[in-house]
Amino acid sequence: MIYTAATQRQIPFEKNISASFYLKLDELLKDEKKIFYEASIASISVLGSQACEELKEMIADCSVFNWDGNNSNPINLASAIRAEKFLALLPLNISEPELSLDGDGQVIFQWFSKNRSVSILIKAEDEILFSDIDGINRAKGSIQFDTWFNEKLSTLIQSLE
Amino acid sequence: MSTHQSDFDLLARFVNQSTNYSKNSGHLKSGGLKLRTDELGLSVYGILNLTSDDVYSLGNSLQTPPRRVHGYGEFIPDHFVNEGLNLDTTTGSRLHADVFGWPSGEEDRLEIANSLCLKSKLVLF
């Protein structure tokens, strides 16, 4: 089990990752980052959450150039690792996010409601971009990626409910 | 008196990965609309005068390498124009159009993609 301090959420994780999955990763990871990534991938494969499943599927399905037929770059593994950490830090009382990948292979978290969409882009570097479209009102910005959930971001996400 | 309607009065952004559309909300997701940093145009296709079978055939014909197209996000030109973007219908094949005029900043691109999500209507085959 992984326990996250921010949420006290218990996340079971799967240890049996297929050999082909690792082979795919081996192609993508060529340097010392591999050791770090192998450790991280174990926690990316958490079960019990639709968003976690989506993240796993994206790593498996979007690891080659042009995975979407629109010449998009393969999933950015640094962004994926941060996305997993971000997911673990999400407050428990908000709805589950939906995930997607942009043309640069970066992970985007998104929440929809009737006239509202909040998108949070996890960059490979220690930066998060966000956009909140709420009817005619718009907000956007960038914040530092922290271990603890950023207050500004927390307020934004809590307001979704 | 009849008013001629152009194919480009209704536009489709095809999707072939389930990760880039939301069945729950009935919209495309931001990832399916946010371009690469070095990319200038978003490809869309004019579909107003096509049957649904034709749209399906068109979507599948665009897949290189061949793969199954899942559906598309439906837009009207104003959705893009109201975001400060432009539509160039003279590029590529007959029904192809490029949505261009994207800002260079990633924050701005995310905002536009996020806004376009809400305007998109997901159509699955």
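The model is predicted: local features need pLDDT of at least 70, side-chain atom pairs count only at pLDDT 80 or more, and totals for chains, interfaces and linings use all residues. Residues are numbered from 1 along each chain as its sequence is written, and chains are lettered from A in the order in which they are written.

Chain A has 5 helices and 7 strands, where helices (H or I, at least four residues) and strands (E, at least two) are DSSP runs numbered from the N terminus. Their order along the sequence is β-β-α-α-α-α-β-β-β-β-β-α.

| Property of chain A | Value |
|---|---|
| Buried share of the 161 residues | 35% |
| Share, among contacts with a separation of 6 or more, from residues 24 or more positions apart | 53% |

A residue is buried if 20 or more other C-beta atoms lie within 10 Å of its own; a contact has C-beta atoms, placed from the backbone, within 7 Å.

Strand E3 (residues 98–101) of chain A pairs with strand E4 (residues 107–113) in the antiparallel sense over 4 bridges; pairing requires at least two DSSP bridges. In this pairing A:Leu101 stands opposite A:Val107. The two strands form a hairpin with 5 residues between them, and A:Gly105 in the turn has a positive phi of about 80°. From E3(A), A:Glu98 and A:Ser100 point one way, A:Leu99 and A:Leu101 the other, and all are buried.

The largest nonpolar core has 59 residues; such a core joins buried Ala, Val, Leu, Ile, Met, Phe, Trp, Tyr and Cys residues through C-beta atoms within 7 Å. Helix H4 (residues 77–89) of chain A gives the largest share, 6 residues. A:Ala80, A:Ile120, B:Ala12 and B:Val44 have the most contacts inside the core.

How values were computed:
A residue is buried if 20 or more other C-beta atoms lie within 10 Å of its own, exposed if 12 or fewer, and partly exposed in between; C-beta atoms are placed from the backbone. Two residues are in contact if their C-beta atoms, placed from the backbone, lie within 7 Å.
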